[in-house]
Amino acid sequence: QVQLVESGGGLVQAGGSLRLSCVASGSVSAMGWYRQPPGKERELAAAISSSGRTKLADSVKGRFTISRDNAKNMVYLQMNSLKYEDTAVYYCTAGTYGLTYRPLYWGQGTQVTVSS
């Protein structure tokens, strides 16, 4: 069974940076980071295939970078130039990445709060 554990969330000032990490147990292929701002729908922020192909939401392009370390079974989300609207619970996921990314397993989530 796949288990995912996120870390690295916290409070940061607008314009600052955070790096989220996620370690996976069990077999994983494609992975992605979802986020859910308070009172809003969940959205896919970034996804990465097993070979390293990436996709970013338009709202985070140029600011966020998703990467992975297959040897360590980890995925990362580097978040730069953070904005207030980036405030959300961020979830590490694992799934399939064909035409679109489809999450199958979810981590517990980690809170990212960007202060004004």
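Rings of Phe, Tyr and Trp (its six-membered ring) are taken to pair if their centres lie within 6.5 Å, and the pair is called stacked when the planes are under 30 degrees apart, edge-to-face when they are over 60 degrees apart, and tilted otherwise. By this criterion, the structure contains four aromatic pairs. The model is a predicted one, in which local features need pLDDT of at least 70 and side-chain atom pairs count only at pLDDT 80 or more, while totals for chains, interfaces and linings use all residues. Residues are numbered from 1 along each chain as its sequence is written, and side-chain values use heavy atoms, with hydrogens and water left out.

A pair of aromatic rings is described by the distance of the centres and the angle of the planes. Y34 and W106 form a tilted pair, with 5.1 Å from centre to centre and 45 degrees between the planes. This pair links distant parts of the chain, 72 residues apart: Y34 belongs to strand β4 (residues 30–36) and W106 to strand β10 (residues 101–106). Strands (E, at least two residues) are DSSP runs, numbered from the N terminus. Buried denotes under 20% relative accessible area, exposed over 50%, and partly exposed the range in between (1.4 Å probe, protein chains only). Y34 counts as buried because its relative accessibility is 12%, whereas W106, at 34%, counts as partly exposed.

W106 also pairs with Y91 in an edge-to-face arrangement, at 5.7 Å centre to centre and 75 degrees between the planes. Here strand β9 (residues 88–97), which holds Y91, is linked to β10, which holds W106; the two residues are 15 residues apart. With a relative accessibility of 13%, Y91 counts as buried.

A nonpolar core is a set of buried Ala, Val, Leu, Ile, Met, Phe, Trp, Tyr and Cys residues joined through side-chain atoms within 4.5 Å. The largest such core has 25 residues, and M79 is one of those with the most contacts inside it. Apart from this core lies another, of six residues, including A30, Y91, Y97 and Y101.

Key. Helix = DSSP H or I, 4+ residues; strand = E, 2+ residues; numbered from the N terminus.
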